[in-house]
Amino acid sequence: MHAFHKDFLAGVREIIPILLGVIPFAMISGVSAVAVGLTGCQAMGMAAFVFAGASQFAIYQLLAINASPIVIVMTAWIINLRFIMYSASLAPYFQKLPTRTRSLLAYLITDQAYAVSINRFDKEETVNHQAYYLGTAVVMAAAWYFSSLVGIVLGSQIPASWGLDFAFPLTFMALMMPAIKDRPTAVAAIVGGSIAVISKPLPYNLGLILAAVTGILSGFAAETLQNQIHLRKIL
Amino acid sequence: MNLKPEIIWGLILVIALGNFLLRFSFLYLFGRVEAPQWLTRLLRFVPAAVLSALVIPALVAPKNIIDISLGNERLIAGLAGMLAAWYSKNILATLAVGLTIFWILRLI
């Protein structure tokens with residue numbers, strides 16, 4: 001039990017520096033939720049149940065332009081497809097735990113808790129995986145709820161005339177830049193962005209889904225092409 | 001926004017359920033099904049493609065019509081924000097630069 005305690009605290013310690021970026025992000029998401037017209041209760045429901053910042057921002061932007069509910073749901077899910085990747089990568093470390101425990105660990109998956117934990121698991125075999133992961137993930141969740149609440153309270157004080165809706169594309173930009181790591185991901189971004197502009201007249205904002213899918217496939221195709229050219233050079 | 005509270009709560013619950021299933025997917029399936037390689041390769045492109053699809057139209061066509069001119073404040077402020085995002089990789093710095101320029105342009 002002592003080791004569990006120690007590794008839990010190690011997780012807590014190593015997630016804390018990352019909260020510096022998370023706290024303002026959660027606060028801005030709370031402010032934005034109220035700015036598009038959600039009640040405090042609904043905004044808190046988003047933070048606690050949807051529990052995924054980038055998709056929450058996308059939901060608020062789409063609510064602001066009166067997109068159809070189906071497009072809002074699809075867009076949020078597409079943004080969160082990356083969780084499948086995290087789930088697959090964490091699974092080997094938690095396979096011996098009961099299903100109920102694993103479902104709790106699953107709910108707590110975030111970009112930050114995943115990144116910090118997997119980094120440690122790769123380096124050190126002896127750490128108690130469950131304890132360390134819970135240390136990172138529980139602190140992350142607590143910071144997310146609390147900062148969202150602060151943002152929701154502040155948000156109701158900010159007048160709409162400030163044009164804070166422009167904060168949405170700016171936030172996505174800051175999230176997008178680190179995601180463009182190489183040529184194939186750049187292709188995905190360029191194709192996704194261009195198709196989104198061209199297909200904007202489509203009804204219910206369906207253009208967004210079309211743009212996302214073609215962007216992802218173009219990136220995949222570009223990578224395949226790149227690998228083939230690389231292979232040919234070696235041979 | 002013009003949705004009824006029931007629809008909003010429906011949205012929250014449906015999206016939340018989907019998110020949970022995405023998060024639980026392989027934590028539940030592990031040992032039974034392996035993640036195929038093509039899937040992990042495809043998933044790598046999700047953030048770049050989706051985020052760009054959300055950003056670019058909001059700058060280039062804020063009023064549903066393509067407007068590439070100096071009169072489009074969102075485009076100019078957005079390009080400045082993009083530079084800030086590229087150099088800082090920081091959300092707060094991007095917001096500060098983008099919003100400040102946006103507000104100045106609207107005053108002019």
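A nonpolar core is a set of buried Ala, Val, Leu, Ile, Met, Phe, Trp, Tyr and Cys residues joined through side-chain atoms within 4.5 Å. In this predicted model, the largest such core has 109 residues. In soluble globular proteins, nonpolar side chains tend to be buried together.

**The largest nonpolar core**
- The residues with the most contacts inside this core are I59(A), Y60(A), L63(A), L90(A) and Y133(A), while the element that gives the most to the core is α3(B), with 11 residues.
- When neighbours within four places in sequence are left aside, L90(A) is in contact with I109(A), Y114(A), I118(A), F121(A) and Y133(A) of chain A, and also with L27(B) of chain B.

**A58(B), a residue of helix α3 in chain B**
- A58(B) lies in helix α3 of chain B, which covers residues 46–60, and its relative accessible area is 16%, so A58(B) counts as buried, because that value is under the 20% cut-off.
- Apart from its neighbours within four places in sequence, A58(B) is in contact with Q61(A) and P169(A) in chain A and with R74(B) in chain B.
- The C-alpha atoms of A58(B) and I15(B) are separated by 23 Å, and these two residues are 43 residues apart along the chain.

**T110(A), a residue in a loop**
- T110(A) is found in the loop of chain A between α6 (99–107) and α7 (111–123), and T110(A) counts as buried because its relative accessibility is 6%, which is under 20%.
- Not counting residues up to four places away in sequence, T110(A) touches F51(A), Y86(A) and M140(A).

Definitions and conventions:
Residues numbered from 1 in each chain as written. Chains lettered and ligands numbered in written order. Predicted model: local features only at pLDDT ≥ 70, side-chain atom pairs only at ≥ 80, totals over all residues. Heavy atoms only, no water. Helix = DSSP H or I, 4+ residues; strand = E, 2+ residues; numbered from the N terminus. Buried < 20%, exposed > 50% of the residue type's maximum accessible area, 1.4 Å probe, protein only. Contact = heavy atoms within 4.5 Å.
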